[in-house]
Amino acid sequence: MDKERVKKLVRELIIEIGEDPTREGLRETPDRIASMYKEIFEGYDSDSELSVQFSEDSDVVIARDIQFYSMCEHHMLPFFGKIHIAYSPNGRVFGISKLVRLVEKYSKRLQIQERLTKNIADELYSQGVKGVVVLADAEHLCMKMRGVRNDATLSSSAFRGIYENKEEKAGIMTLIRKRTSYSSF
């Protein structure tokens with residue numbers, strides 16, 4: 001990303017909406033926005049590092065409540081929420097932080113929630129696991145602060161491999177949604 005070009009474009013936008021970019025509160029805004037965009041759109045250049053795996057088998061691995069923030073590609077307003085990932089390893093497990101990195105890789109792009117969910121499931125499944133479930137629950141500012149102005153939450157899901165089977169899907173959904181201690185498994 002060309003930070004200087006972004007700063008110029010933001011300055012022009014400030015003028016177009018009827019403000020004075022030399023006003024005290026706005027003087028540094030183009031620089032702040034260019035720096036912010038570099039940070040929140042770093043998903044285009046990131047690696048989920050799913051190559052970090054360990055020889056270990058498990059029936060299922062579940063990562064709940066992975067926080068994410070993304071930008072709606074239609075209005076460039078934030079949407080945010082939590083993603084839950086479950087996968088059944090095939091003799092190898094991923095480093096636990098790699099699931100968070102995978103979410104960040106796709107959430108830090110101009111995005112729609114449905115594609116975000118699909119991208120995460122597809123990349124994880126491409127690593128040779130037996131099955132993957134990705135659930136995303138999010139709030140969208142493009143719907144809250146404009147348009148219909150509603151507080152609805154959107155949920156999306158993606159099922160791959162063994163979890164495309166109706167019985168397996170039902171079982172894993174129960175495990176993902178369960179909020180009790182490990183001893184009750």
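User: Is His75 buried, partly exposed or exposed?
Analyst: This is a predicted model, in which local features need pLDDT of at least 70, side-chain atom pairs count only at pLDDT 80 or more, and totals for chains, interfaces and linings use all residues. Residues are numbered from 1 along each chain as its sequence is written, and side-chain values use heavy atoms, with hydrogens and water left out. Buried means under 20% relative accessible area and exposed over 50%, with partly exposed in between (1.4 Å probe, protein chains only). His75 has 37% relative accessibility, so the residue counts as partly exposed.

User: Where does His75 lie?
Analyst: Strands are DSSP runs of E of at least two residues, and helices are runs of H or I of at least four, numbered from the N terminus. The strand S2 covers 61-72, and S3 covers 78-88. His75 lies in the loop between S2 and S3.

User: Which residues does UniProt list for "binding site"?
Analyst: The listing comes from an unreviewed entry. UniProt positions are given in the numbering used here, feature names are shortened, and annotations may be inferred rather than shown by experiment.

User: Is Cys142 buried or exposed?
Analyst: Cys142 has its place in helix H5. Its relative accessible area is 11%, so Cys142 is buried.

User: Which residues is Cys142 in contact with, leaving aside its neighbours within four places in sequence?
Analyst: Contact means heavy atoms within 4.5 Å. His75, for its part, is in contact with Cys142 and Arg146 once its neighbours within four places are left aside. On that basis Cys142 is in contact with Cys72, His75, Leu77 and Pro78.

User: How many Å apart in space are Leu141 and Phe80, C-alpha to C-alpha?
Analyst: Leu141 has its place in helix H5 (residues 141-144). Leaving aside neighbours within four places in sequence, its contacts are Leu77, Pro78, Phe80 and Arg146. Leu141 and Phe80 are 61 residues apart in sequence, and their separation in space is 8.6 Å.

User: Where is the place of Gly91?
Analyst: Gly91 is partly exposed, with a relative accessible area of 28%. Leaving aside neighbours within four places in sequence, Gly91 is in contact with Phe54, Ser55, Glu56 and Asp57. Its place is in the loop between strand S3 (78-88) and strand S4 (92-94).

User: How many helices and strands are in the protein?
Analyst: Read along the sequence, the pattern is α-α-β-β-β-β-α-β-α-β-α-β-α. The count is six helices and seven strands.
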